[in-house]
Amino acid sequence: MTIWTPDLAAFDGPLYLKLVKAIEQGIMNGELPPQTRLPTHRSLADRLGVTVGTVTRAYSEAERRGLLAARVGHGTWVKGANTDPANEWVIRQEEGHRIELWQNLPVQLDRAAIIRPMLGEVADGDLNALLGYDKEAGRPDQRQQFVNWLAEQGVACSEDRLLFSHGAQHGIMLALLATNCVGETILCEGLSYPGMLGNARQLKNQVVGLAMDEEGLLPEALDAACRTRRAKLLYLTPTLQNPTTAIMSLARREAIVAIARRHDLLIIEDDVNGLLPQQPVIPLVNLAPERVIYLGSLAKIACGGLRVGFVLTPPALRSAFAQTMRLSSWMVSPLLIELACKMVSQRQIMPLVEQQREILKRRG
């Protein structure tokens, strides 16, 4: 079989952009007709004498430009110029920009107007104190500000149980490592967050998806799994579950917690979207603080670029999380945490949440 091998010398720019231009030219001159399957990343990299990362970056950029489509298990294919837009993962045009469904991203709002004066306040303060190394959990005063804010949102916690993370995705990895679940069985919803599944693959976990209904995980499915499998960790997104958007009722949450207690099961509660519903539901961590690892983040509700998340740990796991944080990245930048604290203390988070609610209501 002949492997498509373009001559990159004919193009200018970085290697990956040369390859993107070659793909574009191949489509335009008919060398790469629609539905042509491109070589694998490895095989094309070997033919061109470049790294696999270069090919991966080029394919991703070409896909972003609408030239290619990656199909899980089937490789990367040419879409062609006549691809029907109705078949793409786009729900509508808004202000000249399409809305993609392949990522769960917050509504685009003007955060610069909020962040800009805060940057000035940080610069005018004790900046040197924020530019050095700090403790793995962040400063006590910073943690207390988040605890106070979380209490206002109905999340029960204490300063000694909170530590900061590089977003909730990092929080998932911290939880898997701190609970010694490497190579262990993890229970989750039948349809679950791809980011968690990716972390689990990295740690050689066996992930078992359980039956769901319109509220999410079925208690009877969880109980049956606990009786037949040896697992010590359950991953859940009880509020606006990814990808189904299911929201668990309080009764369902109480049933899940009761089963977890009966089988001595730890729960990771991913609550990154917990503040978005108009009527929030009591989080699992309020019902079982001794066994729920609560993950939150400012990414989905306020500002993803800060990469500031937070973890509420069961008291028995606090030292394990601190050690795991030190080993994984030592700390979250005190400078970023301070900006996040200003957003929290100056009551800027919930107005952003309310704006998102209104926009999502109009979209609905």
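Which residues of helix H12 (residues 318–328) are buried? Let's find out, keeping in mind that this is a predicted model.

**Stop 1: helix H12**

Select residues 318–328 and show their side chains. The buried ones are Arg 318, Phe 321, Ala 322, Thr 324 and Met 325. Now look down the axis: these residues cover an arc of only 165°, so they sit on the same side of H12.

Next, colour Ser 319 and Leu 327. Both are exposed, on the face of H12 turned away from its buried side.

**Stop 2: His 170**

Stay with helix H6 and pick His 170, which lies in it. Is His 170 buried or exposed? With a relative accessible area of 14%, His 170 falls under the 20% cut-off, so it counts as buried. Leaving aside neighbours within four places in sequence, His 170 is in contact with Ser 165, Met 325, Ser 328 and Ser 329. You have met Met 325 already, as one of the buried residues of H12.

**Stop 3: the largest nonpolar core**

Select Phe 146, Trp 149 and Leu 222. Of the 78 residues in the largest nonpolar core, these three touch the most other members. Helix H13 (residues 334–345) gives the most to this core, with six residues.

Zoom in on Leu 222. Setting aside neighbours within four places in sequence, its contacts are Leu 187, Leu 210, Leu 217, Leu 234, Ile 256, Ile 259 and Leu 265. Then move to a second, separate core of 23 residues, which includes Trp 4, Leu 19, Ile 27 and Tyr 59.

**Stop 4: where H5 meets H13**

Finish by showing helix H5 (residues 140–152) together with H13. Their axes are 10 Å apart and the two helices pack at an angle of about 35°, in a left-handed crossing.

From H5, select Gln 142, Gln 145, Phe 146 and Trp 149; from H13, select Pro 334, Ile 337, Glu 338, Ala 340, Cys 341, Val 344 and Ser 345. These are the residues that meet, and they divide into seven nonpolar, three polar and one charged.

Notes: Residues numbered from 1 in each chain as written. Predicted model: local features only at pLDDT ≥ 70, side-chain atom pairs only at ≥ 80, totals over all residues. Heavy atoms only, no water. Core = buried A, V, L, I, M, F, W, Y, C linked by side-chain atoms within 4.5 Å. Buried < 20%, exposed > 50% of the residue type's maximum accessible area, 1.4 Å probe, protein only. Helix = DSSP H or I, 4+ residues; strand = E, 2+ residues; numbered from the N terminus. Contact = heavy atoms within 4.5 Å. Arc of directions from axis to C-beta. Axes fitted to C-alpha atoms, helices over the stretch in contact; angles between N-to-C directions. Left-handed = near helix turned anticlockwise from the far one by under 90°. Nonpolar A, V, L, I, M, F, W, Y, C, P; charged D, E, K, R; others polar.
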